[in-house]
Structures are given as structure tokens and as C-alpha cells.
Amino acid sequence: MTDGSGSRTSTGLRAYIGSFTSAGGRGVSTARTVRGDGALEVVHHTGVAVPDPSWLAPADGLLYTVCEREAGAAAVLSLADPDRPEPLGEPVPVGGAAPTHLALAPGLLCTANYASGSVSVLPRRADGTLGGPPEVHPHQGSGPQQDRQEGPHAHAVVPDPAGRWVLAVDLGTDTVTVYALDAAAGGLRPHREVPLRPGTGPRHLAFHPSGRQAYVVNELAPTVTVCRWDAAEGTLEPVGECAVRPGEATGPNFPSEVVVAPDGRFAWVANRGDDTVAVLALDAEGDTAELAGTVPCGGHWPRHLALHPSGQWLYAANERSGDVTWFALDAETGLPTRAGAVEAPAASCVVFA
């Protein structure tokens, strides 16, 4: 069922908001899209049933989440009632500390474990629940910023659009490790480690819709690294770097997330510190990015950005102000205009299903 904008109405589409229960978050919050204007209405919270569900991924009527704690785990929730996600069993240990991010691949769930600097893989059973024990791939190395890069800190795992590879972004080592999906063994196989500029602290990665470029947001140097991606060979080649704040901006700033428009014309980056959303204009091929402007994020410490499936609305999970703000996107300029907000204590991410 659709509304006048072509997006699904509240009968079909939900937003799920992850949060840090250890910082006062309400677990996984369910929000309905109540109108065709991007607005969210929160209708349910899981509370502490799942601890620190900071990153979420929906698939096949289920919602997967990390449990970002020292004894890291992953959990599965049923969306049989889409308003009330229900845990399916206990969280499963991932064999790593503080998993910040997860990715789903055929038959697998992968996590990036920030504190232990590793990538873990759990098998997904036929019913979608998780098995074990985990397969763990420790990263090695460090970076020049010793207060943040004393060792590896895997921060994201992202499957490539071709479905053959998983890319792991490591803030501590200034690298992206390309893993091959090993269907026969049911796991990952290290394929190639790609160095980025030392001290940039890469955090997250998003692909261009063509699948030929990837954009790495750097937390320690407020920039995005533009890379060419060869899915046939599993190679990632950095080709440029773009600032995500104006030259006159001062003070500490730690970019957190990058998302790319479905048509490949724009990318948006969340800036923690500046508390802004940066708009990057991409060229026709996606090989270059240019800062087109910034707007206030509507809160404090935007940890995550998400696009509405229609591509018309952008959402910012503002961790420290405890809210999710949403913006209408100008189709010609890419500039966001704030349209509303909803309370979400210790918000960490937003996904749609």
C-alpha cells in the first residue's frame, strides 16, 4: 500500500531505532511512518530485553542487532508483529569486544568488533537464527594518532553490491580489508588489505549505486575518501579525498556516517562536533566529490544517517541529544531542510523495513 509520495504507509513501513541501553536508551524502538511527510511516530520499545542494540539490520521478517558490550554478542528479533519486535532466544557471543556494526551475507552474519579489533562471522540457520561458535579474524597494526590508533579498531563491515566480498573498515589501522565470501567453508577469507592516508581513522563505507565506487568516511580527519571498486578482482583504489566541513570551521569534529543518494548525485555525511549534515555533490561517474554545503543536524552528536526508501527524506540519529530528526531533501541541490524530530534517548541508528 502506498501514499501519494509513492512510499509505503504505516500499514507496511516501519523505522527501527537502535540505542545504547547502558546510556538510558530504550532498546529497539519501533516508529510508524504516519504520513507522507517523513514523520515518525514511536509506538513501542523493547527496553533492556536486548542490551545495547546499537546497530540493526532487517532481513526476511527478522531484525538482527549487535549487543555493543565488552562481551560482544549478536541477537535476532522476530518482526512477525512489525510493531513489537520479539527476541528469538538469547544473544549469541561473537568472540569479540564492543561490536559496533554488522552485515548480512548469504547464510552469515558478520560483525566489526571495535574494542578487540576483529571481524567475526556467525552462521545463520535456515530459520534465520544464529549458530556458533564464531569465526574470528583479528586485525593487526596501528596508526599515528596514538590516543585513538594504538591498535586495530574494526568499525564497519559492508557487503559489496555484487555479493562476493565483505569490506571491513578499521579506524585503528587506517585500512580497509577486503574479505572474500567463502560459500564452501561458510565464512570469510582475507583477500586484500588497502591502506588509506595515515591518521585519517576510517570509520564507515557506502557504495555508489553503480557499484563501481565506494566512499569511506574518516572519523579522525574530517574527510571522505573516494575509492574505485573492482568487484571482479576485489580491489579498492583510493582516488581522492573530500572535506566534509567548511575551511573556516574550527574545533574538534568526528564524522560518523556516509549515505549515498539512489541516483548517485549526492552523498550526505554526519558531523559530530560541528553537529551538521554535510552535502557532497558527486560527479556523473561518482569519481569525485565536492562539499556543496552543511546544515545543522537538529540535535547533538549525530551518530548515524539513514535514507527513507523513497529517497525523499533523510534521518539523523542524534545520540547525545536523544532524538531522531528528519529532513526533506531538495532533489536539485541535495540540501536537507529540517522537517521534524522524535524523542529517542541514546539513539545510535535508524533502519527501515
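**Working through the model**

User: Is Ala98 buried or exposed?
Analyst: Ala98 is buried, with a relative accessible area of 14%, where buried means under 20% relative accessible area, exposed over 50% and partly exposed in between, with a 1.4 Å probe and protein chains only. This is a predicted model, in which local features need pLDDT of at least 70 and side-chain atom pairs count only at pLDDT 80 or more, while totals for chains, interfaces and linings use all residues. Residues are numbered from 1 along each chain as its sequence is written, and side-chain values use heavy atoms, with hydrogens and water left out.

User: What's the phi of Ala98, and where does it sit?
Analyst: Ala98 has a positive phi of about 55° although it is not a glycine, and it lies in the loop between β8 (92-93) and β9 (99-105). Strands here are DSSP runs (E, at least two residues), and helices are runs of H or I with at least four residues, numbered from the N terminus.

User: And what about Ala346?
Analyst: Ala346, which is not a glycine, also has a positive phi of about 55°; it lies in the loop between β28 (336-343) and β29 (347-352), and it is buried, with a relative accessible area of 7%.

User: Which peptide bond is cis?
Analyst: The bond that joins Gly132 and Pro133 is cis, with omega about 0°, and Pro133 lies in the loop between β11 (118-123) and β12 (135-138).

User: Switching topic, how many helices and strands are there?
Analyst: The protein has zero helices and 29 strands. Its radius of gyration is 19 Å, close to the 20 Å that the globule rule gives for 353 residues, so it is as compact as a globular protein of that length; the radius is taken over C-alpha atoms, and the rule is 2.2 Å times the number of residues to the power 0.38. Of the 353 residues, 58% count as buried.

User: How many residues of β5 are buried?
Analyst: Six of the six residues of strand β5 (residues 62-67) are buried, so β5 is largely enclosed by the rest of the structure. Leu62, Tyr64 and Val66 point one way from β5, whereas Leu63, Thr65 and Cys67 point the other way. In a regular strand the side chains alternate between the two faces of the sheet.

User: What pairs with β5?
Analyst: Strand β4 (residues 56-59) pairs with β5 in the antiparallel sense over four bridges, and six bridges join β5 to strand β6 (residues 73-78), also antiparallel; two strands pair if DSSP finds at least two bridges between them. Tyr64 stands opposite Ala57 in β4, and its bridge partner in β6 is Val76.

User: How many residues are in those turns?
Analyst: β4 and β5 form a hairpin with two residues between them, and Asp60 in that turn has a positive phi of about 55°, while the hairpin of β5 and β6 has five residues between its strands.

User: What is the order of the strands in the open sheet?
Analyst: Four strands form that sheet in the order β17-β18-β19-β20, with antiparallel pairing. The edge strands, β17 (202-207) and β20 (235-243), each pair on one side only. Five bridges join β17 to β18 (residues 213-218), and Pro202 stands opposite Asn218 in β18.

User: Last one, what is the average pLDDT?
Analyst: The protein averages a pLDDT of 95, and 97% of the residues score at least 70, where pLDDT is the predictor's confidence in each residue, from 0 to 100. Over residues 1-10, however, the pLDDT is below 50, and beyond near neighbours in sequence this stretch has 22 contacts in the model, a contact meaning heavy atoms within 4.5 Å.
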